[in-house]
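Q: Can you walk me through this one? I have the sequence and the structure open.

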Amino acid sequence: MRQRSSKAVLDLDRRGLMLAVISGTVSLRTLARESASNDIVLLRDLYNKDLSFSDRALSSEGKRLSVTGYMAPPLKAESRFFVLTKRPMAVCPFCESDADWPDDILAVYTKRIVKVLPYNAKMTVNGVLQLGGVKDAENGFYSKVRLTEATYRRGA
Amino acid sequence: MMKIVHAAIAVALSSTSASAQDLPQQQNPWFTDAQSELQQRLLRTPNTNRAKNIILLVADGNGVGTNLATRIWQGQQNGMLGEENVLSYEAFPHLALSKTYNTNAQTPDSSGTATAMMAGIKTKAGVVGVNDTVARGDCQAAEAGKVSSIVDIVADAGKSVGIVSTARITHATPASAYAFSADRNYEDDSQLPEGCTAPDIASQLFDRLESGVIDVVLGGGRRHFLPDDVIDDENKTGRRTDGRNLIEEAATLGARYVWNDETFAALDLSAGEPILGLFESSHMKYEFDRTGEPSLAEMVMAAITVLQNDEDGFFLQVEAGRVDHANHDGNLHRTVTDGVAFHEAVAKAVELTNTEDTLIIATADHEHAIAFNGYCGRGNPITGLCYGIDNAGTTHTGVPELADDGLPYTVVGYLNGAGSVIKQEAIDETSHAIERLHAAGQEMSGVNVASADDGNMDDTWKITFAGQVAAAREELAKTETGDDAELAEGEGLWIGSRTALTQEEATDPDYIQQALIPRSSETHSGEDVAIYAQGPWAHLFDGTVEQNFIFHVMHHAATVE
Ligand SMILES: [Zn+2]
């Protein structure tokens, strides 16, 4: 009886260890990928507090860079467009009739048809930074800043 | 305030029976502080004056748990360990617990709860200013179920009225002051269902401005006052489809309109009402992100300064509307920073009024699915990892507590929300995940066999693990062969485990606290919230009460002979 319970405890410990190894494997892989690509910036690094473009954004205009964030649920299936947000888009079904975009978002124009990632999975987008207000001729989406010819992957 | 308390300590100790008994702990500061608190309370007499002014301040979504996080955060921002901190309203002498459920909902929403506070009756979730006979969305039934709010009562007594919110001024809590609606979402006419002839919420606010019931309006929600072909000062379009420009109409009534921090600062507060301030197209910004807009405390200051010109007194409803939204985001940093903005707004209301003639109530409409882990040491950064308790000292050890998965965790988490450790994997991702799991498992078994002193246990573990993989594969096979029609293409399993977490990540202002159940928006909860009160008849707040009792105390305080 006593032996059994100590086994159960050890079992739990083993399991914990194994999960740690799994997450360790993942983060090692992520690290390897990161060092291969260029610098990763946070979405908020593109804006100053007053929502004007940061020096970082201005100096990166027209260049390729990687930005981390979350994929907002796409407006339309089978498109080459999605919106990257700083935090997952949360819409309280009780409190709101529709979703309001935050001010500090990034419009992403992808090389391939978008494969939707879970709304709560951190992701990294690599693309060419474009600044200045543009209204998308196709879907009418107005963006102040974009990444074009973008590729993306899950993880930060 | 603090000075008075300290000065009272010396007097207090000499006159109590406890000190006369000569206890070994009687010089301990915890002991002497509590003695002084006792003396303060013995001197209390109920304030039975008629309330000239009433200020109801609601921090949306700030239940007892959320409030604890803000208390500790604000203390730590001021160099304290945090737990000992006292927020402005926590110093109020009277307190009750409020039961927040709606008539048809254990988990309440803000419009049902706001109607309870403002009109004195509980009603259904999602409706505003109507009784429980009205089903949410039943536009035609709303008129018959209409109720009066405290605003109608005090306006009839000649008092001025102000409404302030960091949410849209047409949102649930402020709407409960002036509107009736079968659905809280009917914020402008474009949101009314086909054939609905009831007035939208923004137009009802305008009507109250026009009739002189409401004098000061400060908040967000500009889009609900503008036609959909009008672009506002911040380049956002209106939403109204009836062509009405309620901002221009208000101006023709003599209302002074302001829309940003500069026009707000330029207001001559001695020039009277009405004042209409709409600082955002939708909600105002979180305090942490605030730019170009006044703070909640600044809006409260402006509102009270204007309303105090009325010799008959005033009623002011103030909402910190975005504590709720940050909780919905699972982002504790903005929750507590908006919580501090609420604390500062209450402090401003206290500073500008007299407790002899002003009833101030600070409360929340409902709590969230927020929870606190243990066992964390004293002074543990409230947004950060849970550090151990120092058995020999006071402050936490700085060493993260580890869960059974070997990983650290934050003090605060959510039962559900976007921070869920469970994520949906696309089908091919799922198979990758399983491969990964399998590979890791083999690797792990190898390690175990080599190092374990009990071979049987490893077998047990391997069997368990193999079982899990088999079950996952079975589930996966179903989705691939289309056996399970409910799983649409591209959908996969919801799986996950916690990942490593550093203090730097956890205390980042954009960090989303870990949650269990995946939901894009974290939910409200039905837990109690506190009602803090000072001023005339505040002593009636005592024990555990139904939320709609708040109206009855305000009503009594305002009308008592
Ligand atoms: Zn809410």
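**Chain B and chain A, by element**

A: To begin with, 55% of the 561 residues of chain B count as buried. Keep in mind that this is a predicted model.

Q: How many helices and strands does chain B have?
A: Chain B has 18 helices and 17 strands.

Q: And which share of the contacts in chain B between residues at least 6 apart in sequence join residues at least 24 apart?
A: That share is 72%.

Q: Let's look at helix 9 of chain B. How many of its residues are buried?
A: Eight of the ten residues in helix 9 (residues 201–210) of chain B are buried, so the helix is largely enclosed by the rest of the structure. The buried ones are B:Ile201, B:Ala202, B:Ser203, B:Gln204, B:Leu205, B:Phe206, B:Arg208 and B:Leu209.

Q: What covers the buried residues of helix 9 of chain B?
A: The cover includes helix 7 (150–156), helix 8 (172–178) and helix 10 (246–252) of chain B, along with strand 4 (216–220) and strand 6 (275–278) of chain B.

Q: Strand 6 of chain B, then: are its faces covered or open?
A: Both faces are covered. B:Ile275 and B:Gly277 lie on one side, B:Leu276 and B:Leu278 on the other, and all are buried. As background, side chains in a regular strand alternate between the two faces of the sheet.

Q: Which way do strand 4 and strand 6 of chain B pair, parallel or antiparallel?
A: Strand 4 and strand 6 of chain B pair in the parallel sense, over four bridges. B:Val216 stands opposite B:Ile275 of strand 6 of chain B.

Q: What about strand 5 and strand 6 of chain B?
A: Strand 5 (residues 256–258) of chain B runs parallel to strand 6 of chain B, and three bridges join them. B:Arg256 has B:Ile275 as its bridge partner.

Q: Where does B:Pro274 lie?
A: B:Pro274 is in the loop between helix 11 (261–265) and strand 6 of chain B. The peptide bond from B:Glu273 to B:Pro274 is cis, with omega near -5 degrees. Another cis bond joins B:Gly374 and B:Tyr375, with omega about -10 degrees. B:Tyr375 lies in the loop between strand 10 and strand 11 of chain B.

Q: How many bridges join strand 11 to strand 14 of chain B?
A: Three bridges join strand 11 (residues 412–417) of chain B to strand 14 of chain B, and the two run parallel. B:Tyr414 stands opposite B:Ala515 there.

Q: Switching to helix packing. At what angle do helix 12 and helix 14 of chain B cross?
A: The axes of helix 12 (residues 296–307) and helix 14 (residues 332–352) of chain B cross at roughly 25 degrees and come within 8 Å. That angle makes helix 12 of chain B roughly parallel to helix 14 of chain B, since under 35 degrees counts as such. By class, their contact has ten nonpolar, no polar and two charged residues.

Q: And how do helix 4 and helix 14 of chain B cross?
A: The axes of helix 4 (residues 64–77) and helix 14 of chain B come within 9 Å and cross at roughly 80 degrees. These two helices are therefore roughly perpendicular to each other. Their contact has five nonpolar, eight polar and no charged residues.

Q: Now chain A. How many bridges join strand 5 to strand 6 of chain A?
A: Ten bridges join strand 5 (residues 123–135) of chain A to strand 6 of chain A, and the strands run antiparallel. The bridge partner of A:Met123 is A:Arg154. In this hairpin, which has six residues between the strands, A:Gly140 takes a positive phi near 75 degrees.

Q: What is phi of B:Trp537?
A: Phi of B:Trp537 is near 65 degrees, a positive value in a residue other than glycine. B:Trp537 is buried, with a relative accessible area of 14%.

Definitions and conventions. Residues numbered from 1 in each chain as written. Chains lettered and ligands numbered in written order. Predicted model: local features only at pLDDT ≥ 70, side-chain atom pairs only at ≥ 80, totals over all residues. Heavy atoms only, no water. Axes fitted to C-alpha atoms, helices over the stretch in contact; angles between N-to-C directions. Parallel < 35°, antiparallel > 145°, perpendicular 65-115°, else oblique. Nonpolar A, V, L, I, M, F, W, Y, C, P; charged D, E, K, R; others polar. Pairing = 2+ DSSP bridges. Buried < 20%, exposed > 50% of the residue type's maximum accessible area, 1.4 Å probe, protein only. Contact = heavy atoms within 4.5 Å.
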